[in-house]
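These notes follow a reading of the model, point by point. Please keep the coordinates open while going through them.

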Amino acid sequence: MQLPADVPLHPRSPDHLRHFHGLPVFDFPEAGDDRPLPADPGSVAWRLRCGQGAENEDAYDYWNRFFATAPLDGIRALLIGSPWYGFDGGGLDDSMPMMAERLTGLEALFLGDVDMEESEVSWIEQSDLTPVLDAFPGLRELGVRGGTDLEFPVVRHEGLRTLRFESGGLPRQVVRNVAASDLPALQYLEMWLGVEDYGGDATVADLRPLLAGDRLPALRHLGLQNSLFQDDIAAAVAQAPVVARLDTLRLSMGSLGDEGAEALLRGRPLTHLRYVDLHHHYLSDAMMLRVWEALEPAGVRVDLSGQNGDEDDDWDEDDDGSPVRYTAVAE
């Protein structure tokens, strides 16, 4: 299994996607931009974002012009950004049935393709994803950036293969409902769990149904990332039955330290994996070497970039003098 082409090997702070659903991203032109539309509408992922051009086209006019002039039935992938998703965004729930009626070939949808200059990730307002899943039963890929007001229903969806949540604080109920859903085709699941200050209230207990391996029969990639309890996640993953059928694993972007890495090395074998992503971590040099020596000779590609907490770093300390650890993405 290949990682989806839009997913970078080293994901960092949220930025505008350059590729989505394996396709280069094309911005639908604003008023005054005379660029021609792609001859093959299925060769690109179409992004809707306005307010950036010289004429500062009204979002309502831009939206209507897209639906009046774009070759809608040939579009396979769509990204929606500012102003519909952002600090003042209200989402597009009411528009989903109309979109589904017009975008008959849509396979992939990304909600909230907003960069940090437009909105901090914690300010991106989402909503209940039920209208999206109901309107597009053939959807194969869904990406969501932002966790504020986000809801994911317990659902059966036959087509979904890739599901990604990019968040500085993913609500616990979203995690629980994903785990409880019937998603027989889902191969790729990635969740940035975030921190409690920004709504990330999930715990390891909420992840255990995912790790048990009883659901999501097609799952081959799992990402449980960007948390302050990354050591606890690693310890749970180390004993998780689901790991045996994974091809790739991401436990990156969080507070992973030597304790979590030790649990991984002592747990179920990981040498069948093709790729393990641990970047943005707090491992010591000695532990990094142990991880490499355990996995790299077996052919596992390991990402241990972004080491934090070097002895020479001027880092923050808790009241007890212990170093403060951070996630890669929070606010």
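**Notes on the model**

1. Just after α5, Gly213 takes up a positive phi of about 80°. Helices here are DSSP runs of H or I with at least four residues, strands are runs of E with at least two, and both are numbered from the N terminus.

2. This is a predicted model, in which local features need pLDDT of at least 70 and side-chain atom pairs count only at pLDDT 80 or more, while totals for chains, interfaces and linings use all residues. Residues are numbered from 1 along each chain as its sequence is written, and side-chain values use heavy atoms, with hydrogens and water left out.

3. The protein has eight helices and 12 strands. Of its 331 residues, 54% are buried; buried means under 20% relative accessible area, exposed means over 50%, and partly exposed lies in between, for a 1.4 Å probe and protein chains only. Taking contacts (heavy atoms within 4.5 Å) between residues at least 6 apart in sequence, 71% join residues at least 24 apart.

4. Helix α5 spans residues 204-211, and its buried residues are Val204, Asp206, Leu207, Leu210 and Leu211. These cover an arc of only 150° around the axis, so they sit on the same side of α5. The arc is taken from the directions that run from the helix axis to the C-beta atoms. The cover over the buried residues of α5 includes α4 (172-180), β8 (188-194), β9 (221-227) and α6 (230-238).

5. How do α5 and α6 pack? Their angle is about 30° and their axes are 11 Å apart. The two helices are therefore roughly parallel to each other. Axes are lines fitted to C-alpha atoms, for helices over the stretch in contact, with angles from 0 to 180 degrees between N-to-C directions. Angles under 35 degrees count as roughly parallel, over 145 as roughly antiparallel, 65 to 115 as roughly perpendicular, and the rest as oblique.

6. The crossing of α5 and α6 is right-handed. A crossing has this hand if the near helix is turned clockwise from the far one by less than a right angle, and is left-handed if the turn is anticlockwise. On the α5 side the contact is made by Val204, Leu207, Arg208 and Leu211, and on the α6 side by Asp232, Ile233, Ala236 and Val237. By class, this contact has six nonpolar, no polar and two charged residues. Ala, Val, Leu, Ile, Met, Phe, Trp, Tyr, Cys and Pro count as nonpolar, Asp, Glu, Lys and Arg as charged, and the others, Gly among them, as polar.

7. Asp258, Ala261, Glu262 and Leu265 of α7 meet Met287, Arg290, Val291 and Ala294 of α8. The residues of this contact divide into five nonpolar, no polar and three charged.

8. Gly199 lies in the loop between β8 and α5 and is partly exposed, at 33% relative accessibility. Leaving aside residues up to four places away in sequence, Gly199 touches Gly169, Leu170 and Pro171. Thr148 is 51 residues from Gly199 in sequence, with 7.3 Å between their C-alpha atoms.

9. Ser167, in the loop between β7 (162-166) and α4, is buried at 1% relative accessibility. Ser167 touches Val121, Gly146, Gly147, Trp192, Gly194 and Asn226, again not counting residues up to four places away in sequence. Between Ser167 and Gly199 there are 9.3 Å, C-alpha to C-alpha, for a separation of 32 residues in sequence.

10. Most residues other than glycine have a negative phi, and most peptide bonds are trans. Met253 is not a glycine, yet has a positive phi of about 70°; Met253 lies in the loop between β10 (248-250) and α7 and is buried, with a relative accessible area of 0%. His280, also not a glycine, has a positive phi of about 60°. His280 is in the loop between β11 (275-277) and α8 and counts as buried at 14% relative accessibility.

11. The peptide bond from Ser82 to Pro83 is cis, with omega near 5°. Pro83 belongs to the loop between β4 (77-80) and α2 (96-102).
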